[in-house]
Amino acid sequence: MDTIKVGVITTSDRASAGIYEDISGKAIMETINEYLQNDTVYEYRCISDDQPIIEDTIKELAYKQECTLIVTTGGTGPAKRDVTTEATEAVCDKLLPGFGEQMRAVSLQYVPTAILSRQSAGICHKSLVINLPGKPKSIKECLDAVFPAVPYCCDLIEGAYMQTDEDVIKVFRPKGK
Amino acid sequence: MDTIKVGVITTSDRASAGIYEDISGKAIMETINEYLQNDTVYEYRCISDDQPIIEDTIKELAYKQECTLIVTTGGTGPAKRDVTTEATEAVCDKLLPGFGEQMRAVSLQYVPTAILSRQSAGICHKSLVINLPGKPKSIKECLDAVFPAVPYCCDLIEGAYMQTDEDVIKVFRPKGK
Amino acid sequence: MDTIKVGVITTSDRASAGIYEDISGKAIMETINEYLQNDTVYEYRCISDDQPIIEDTIKELAYKQECTLIVTTGGTGPAKRDVTTEATEAVCDKLLPGFGEQMRAVSLQYVPTAILSRQSAGICHKSLVINLPGKPKSIKECLDAVFPAVPYCCDLIEGAYMQTDEDVIKVFRPKGK
């Protein structure tokens, strides 16, 4: 089984300054640990809401660390300091609008303010980059909604081969692939 | 209670030339009057379908008039003179794709041609800009669908504080905000 | 009744090299033949997954052949050689995000990997361009989902007037149009 390298980026002025603990980044790693049967190595970064820093961090995790999957949390709302979406779109070679549509559709079942989320996803080098919300509860809802498509996406971009726990998450790969 | 300044822009070659009356702009103001308990001041503009004029009008309402909310009606279809979407995207600092997705999803319950709408939304300076359809009936359907997220969005971009009539529209703000 | 000129572009390195037969392009023409009562002329092109070639082909079919409708199949996934979306967005004057949203929503009823599709649509000169998936089964699902809006869209962009078989597909034009 391949070892899966996953980048986890928390963008938060306050968490990166140590004002409060980053529980969102931990929630992501716990959820992915439950999904995957592979050994998983996390490259974890907790950084401020600065677009150039976010861009550099995604690129480092994609080009240098060669993570198969990079997930961000935070910075996708309409406020001035919310720039994770901008950073993601700037460094990705391709955008995958279906991820944002699906995450907003799922979040909309819980709160009407889901339409304020600018969550995006895309391909940076050979990494799938996905923007998750900032709140731990919403993170799990969004990951559950899009993860069934993640392993096949990673196959298509020549990433590592993910093997998932069928009792936790039902993923889909077309037959013969 | 804050006074709410709302910009209403009707883009229509014919209405702006006086060939017919603009009933869409009036429908927007009536609907927002029903939603809001605050005193509301409208900055109303009826202009032709020219992209530079639409851009200048949005910017004037955002930067000079400091409207918390700017709504447009018309110019979001696929025809050559439909350029309100282009103008909106050109002047906004951030786009909020969830608004367009949600308005198309709601309109799709009524007409399959809802997918032709290019309605967008975004943040211009400290104003939330929302493209509404041209037809009065569709305007109300779209506003009802997205308005529950509008007051919290305006909070996040440091706009005026909207207070709404719960019997007319259920809006959502996260607890403690 | 107007004669309808339809461009059909299969983008596939292997089909264009003769390694396998293009059944997707044929599936599109059969489906459109069932929809339309007009005489229909097809401009069919089977080309490699090269962005400049795809762009030139769309432009030739839009500007020189003056097709009312141009449909592509293939090249909308996340893989490196999937560049049909990029080519479409580069040559279109306007994009119609509602088509992609609707096609992904429909495909999502069958497979969770539908969110990987970057299918787009837009207006190039006076042609409506629609990206369809590569697989014949998914092509029919997507065309059935968006075609009800196609004839009215072609009216709005001054294309030929499509007349459809009501027993096969229910299209919609607003009253009095």
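1. Strands β1 (residues 4–11) and β3 of chain A pair in the parallel sense, over 5 bridges. For a landmark in that pairing, look at Gly7(A), which stands opposite Ile70(A) in β3(A). Bear in mind throughout that this is a predicted model.

2. Now the other neighbour of the strand. β3(A) is also joined by 5 bridges to strand β6 (residues 127–132) of chain A, and these two run parallel. Here the pair to look up is Val71(A) with its bridge partner in β6(A), Ile130(A).

3. How many of the 5 residues of strand β3 of chain A are buried? The count is 5 of the 5 for residues 69–73, so the strand is largely enclosed by the rest of the structure. Buried here takes 20 or more other C-beta atoms within 10 Å of the residue's own. In a regular strand, side chains alternate between the two faces of the sheet. In β3(A) both faces are covered: Leu69(A), Val71(A) and Thr73(A) are buried on one side, and Ile70(A) and Thr72(A) are buried on the other.

4. On to chain B, where the whole sheet can be traced. The sheet is open and has 6 strands, in the order β2-β1-β3-β6-β5-β4, with mixed pairing. Which strands of chain B are the edge strands? They are β2 (40–47) and β4 (94–95), each of which pairs on one side only. The partner of β2(B) is strand β1 (residues 4–11) of chain B; 8 bridges join the two, which run parallel. Within that pairing, Ile9(B) has Arg45(B) as its bridge partner in β2(B).

5. A helix to check against the chain B sheet is α4 (residues 84–91). Helix α4 of chain B lies across β1, β3 (69–73), β4, β5 (121–124) and β6 (127–132) of chain B. Its direction is at about 165° to β6(B).

6. Next, the contact between chains A and C. On the A side there are 16 residues in contact with 14 residues of chain C. Helices α5 (97–107) and α7 (150–156) of chain A each supply at least two residues of the side that touches chain C. The most comes from α5(A), with 5 residues. By type, the residues on the chain A side divide into 12 nonpolar, 2 polar and 2 charged.

7. Finally, the symmetry. Chain A superposes on chain C by a rotation of 120° with 0.0 Å of shift along its axis (RMSD 0.0 Å). That is the relation of a three-fold axis. Which residue of chain A comes closest to the rotation axis? Glu101(A) does, with its C-alpha at 4.3 Å. Only 6% of the interface residues of chain A are also interface residues in chain C, so the copies meet through different surfaces.

Methods
Residues are numbered from 1 along each chain as its sequence is written. Chains are lettered from A and ligands numbered from 1 in the order in which they are written. This is a predicted model: local features need pLDDT of at least 70, side-chain atom pairs count only at pLDDT 80 or more; totals for chains, interfaces and linings use all residues. Two strands pair if DSSP finds at least two bridges between them. Helices (H or I, at least four residues) and strands (E, at least two) are DSSP runs, numbered from the N terminus. Two residues are in contact if their C-beta atoms, placed from the backbone, lie within 7 Å. Axes are lines fitted to C-alpha atoms, for helices over the stretch in contact, and angles run from 0 to 180 degrees between N-to-C directions. A residue is buried if 20 or more other C-beta atoms lie within 10 Å of its own, exposed if 12 or fewer, and partly exposed in between; C-beta atoms are placed from the backbone. Ala, Val, Leu, Ile, Met, Phe, Trp, Tyr, Cys and Pro count as nonpolar, Asp, Glu, Lys and Arg as charged, and the others, Gly among them, as polar. Copies are superposed by least squares on the C-alpha atoms of residues with pLDDT of at least 70 in both.
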